[in-house]
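Take a look at the chain shown here.

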Amino acid sequence: MTDDYLARIGQLIRDARQHRGWTQVKLAEALGTSQSAVNRIERGNQNISLEMIARISEALDSEIVSLGYSGPMHLRVVGGRRLSGSIDVKTSKNACVALLCASLLNSGRTVLRRVARIEEVFRILEVLSSIGVRARWINDGADLEIVPPAELDLDAIDADAARRTRSIIMFLGPLLHRMDQFRIPYAGGCDLGTRTVQPHMIALRRFGLDITATEGLYHAVVEKAVTPERPIVLTERGDTVTENALLAAARHDGVTVIRNASSNYMVQDLCFFMEELGVKVEGIGTTTLTVHGVPEIDVDVDYSPSEDPVEAMSLLAAAVVTGSELTVCRVPVEFLEIELAVLEEMGLQAERSPEYAADNGRTRLTDLTVHPSKLEAPADKIHPMPFPGINIDNVPFFAVIAAAAEGQTLIHDWVYDNRAIYLTDLNRLGGRLQLLDPHRVLVEGPTRWRAAEMMCPPALRPAVVVLLGMLAAEGTSVLRNVYVINRGYEDLAERLNEVGAQIETFRDI
């Protein structure tokens, strides 16, 4: 490699390490090398093999270089442009991955319509394929067909793919009905600080699942004689823990009551899908779910997951910060009502179409037209709450919206340890965000956005927030290493370009 390439690769590695919050010493330990070697690599003073680049990418969970891969690596954004026209919301990322895990309940053929073609889905598909599940895209790649084998081969599981997604944790619920013991890799995903899986273990223990964690694996042993004898009270009203409990209850031969359950959008989609499998679920949309399980499920099922309210919020925020008139179509309004109420109090001018049903026949949709608006900071702080409060994943978008509003806004992201820190990356684009502590950010607006070149934060929603800030900033910005955005959004740059943005995807090497 030339000295120029070595220096550019070294800079990418250094940026990825710093965004991960690692020191050179910690990276060296992960690679089994010395701190001085890492220092030479980052300065471009040491030849580096493709094998070493791959090892560094895996350690940092960051795509340093991309060879033989057609997807984007970096984004070049020409900002300060108004958006116009209309854009559709894609199906829900979180619902799609839950339904892929739920397909393990069924011995028959499962068809999921309009599945989001995103990296998170691809990782789950890689895991499913590695254990013997036949998954293929049909209808010109629009839909996904899943057919499980008679016996799963858990020994052949793709550990690398599994460790790149937190959704692997939702294999526990369906697998406990299929085998007496098994192993799966630790859950991965975004870098959002410590996220305990203990609530999952507490809930699934009631179905006889005992977990020990060693050497990067969950070792599971199932005692078939153990069944829930009283209602399961979740110690955390989390989405994935509720889904895991539902997946375990689906094939429990009896009635399971789950209390303190999440009633969020992906949980509702999972409940609707389970009903298509023949599992009766009472209390959908509430915090108490009663599941009438069936011991065997062997049906051919066809299901359409609903649209993604977090993507809808992303697109609304894009219109707001660029001062655009944009129609966002197929918005799952029942999961954005609090967010829209707050935005209206801030001064957002928007019109809604009459409501209509999503393809699942249950979720309420609307088309929302946003008009250029003069916004003022909200009187109260912005903080997440379980549904029907402000969605946890929508909180970061209020940071970039607040940066476009007049006055001070306090963002309190109490759920995650690190995510609020990443929001201060907006300061590189001219924002005035003050980090009060790891969970609270004070945003001062309005902002005179300016272009910048920077590394993509390693967390999905803050990464998109930075991209939105670049859309608002006059001039040309560069956002490097955007794999994390592709984890949760399908063709986001291309779709924004269709409504007036100017975003180019490119790779260094």
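## A buried aspartate without a partner

This is a predicted model. Start with Asp 308. Asp 308 sits in the loop between strand 13 (301–303) and helix 12 (309–321). Which side chain of opposite charge is nearest to Asp 308? That is Arg 461, at 5.1 Å. A salt bridge needs a side-chain nitrogen of Lys or Arg within 4 Å of a carboxyl oxygen of Asp or Glu, so Asp 308 has none. Yet Asp 308 is buried.

The side chain of Asp 308 does have backbone nitrogens beside it. One of its polar atoms lies 2.9 Å from the backbone nitrogen of Val 310. The backbone nitrogen of Lys 93 lies 3.1 Å from a polar atom of the Asp 308 side chain. Which residues touch Asp 308, leaving aside neighbours within four places in sequence? They are Val 89, Lys 90, Thr 91, Ser 92, Lys 93, Tyr 265 and Pro 332.

## Salt bridges

Arg 461 does have a partner of its own. Arg 461 forms a salt bridge with Asp 393. This pair links distant parts of the chain, 68 residues apart. Arg 461 is in helix 16 (residues 460–472), while Asp 393 is in the loop between strand 17 and helix 14. Arg 461 is buried, at 5% relative accessibility. Asp 393 is buried too, at 15%.

How many salt bridges are there in the model? The count comes to 27.

| Arg 364 | Glu 337 | 3.7 Å |

Take the Arg 364 and Glu 337 pair. Their side chains meet in a salt bridge. Arg 364 belongs to strand 17 and Glu 337 to helix 13 (residues 337–346), so the bridge ties together parts 27 residues apart in sequence. Are these two buried or partly exposed? Arg 364 is partly exposed, at 30% relative accessibility. Glu 337 is partly exposed as well, at 37%.

Now turn to Arg 419 and Asp 413. Arg 419 counts as buried, with a relative accessibility of 1%. Asp 413 is buried at 0%.

Salt bridges can also join up. Arg 109, Arg 134, Arg 136 and Glu 145 are linked in a network of them.

## Packing of helices

Look next at helix 5 (residues 93–102) and helix 6 (residues 119–130). Their axes come within 10 Å and cross at roughly 5 degrees. Angles under 35 degrees count as roughly parallel, so helix 5 is roughly parallel to helix 6. Which residues of helix 5 meet helix 6? They are Lys 93, Cys 96, Val 97 and Leu 100. On the helix 6 side are Glu 120, Val 121, Ile 124, Leu 125 and Leu 128.

Ala 59 gives another view of packing. Ala 59 is found in helix 4 (residues 50–60). Its relative accessible area is 18%, and buried means under 20%, so Ala 59 counts as buried. Leaving aside neighbours within four places in sequence, Ala 59 contacts Arg 20, Trp 22, Leu 27, Ala 30 and Leu 31. Ala 59 and Arg 20 are 39 residues apart along the chain, and their C-alpha atoms are separated by 10.0 Å.

Pro 388 lies in the loop between strand 17 (364–371) and helix 14 (395–403). Another cis bond joins Gly 445 and Pro 446, with omega about 0 degrees. Pro 446 is in the loop between strand 20 (440–445) and strand 21 (453–455).

Phi angles bring two further cases. Asn 481 has a positive phi of about 65 degrees, although it is not a glycine. Asn 481 lies in the loop between strand 22 (475–480) and helix 17 (483–488). Asn 481 is buried, with a relative accessible area of 6%. Asp 491 also has a positive phi, near 50 degrees, and is not a glycine. Its place is in the loop between helix 17 and helix 18 (492–497). Asp 491 is partly exposed, at 43% relative accessibility.

How values were computed. Residues numbered from 1 in each chain as written. Predicted model: local features only at pLDDT ≥ 70, side-chain atom pairs only at ≥ 80, totals over all residues. Heavy atoms only, no water. Helix = DSSP H or I, 4+ residues; strand = E, 2+ residues; numbered from the N terminus. Buried < 20%, exposed > 50% of the residue type's maximum accessible area, 1.4 Å probe, protein only. Lys, Arg positive; Asp, Glu negative; His and termini not counted. Polar contact = N/O pair within 3.5 Å; in protein donor to acceptor, adjacent residues only side chain to side chain. Contact = heavy atoms within 4.5 Å. Axes fitted to C-alpha atoms, helices over the stretch in contact; angles between N-to-C directions. Parallel < 35°, antiparallel > 145°, perpendicular 65-115°, else oblique.
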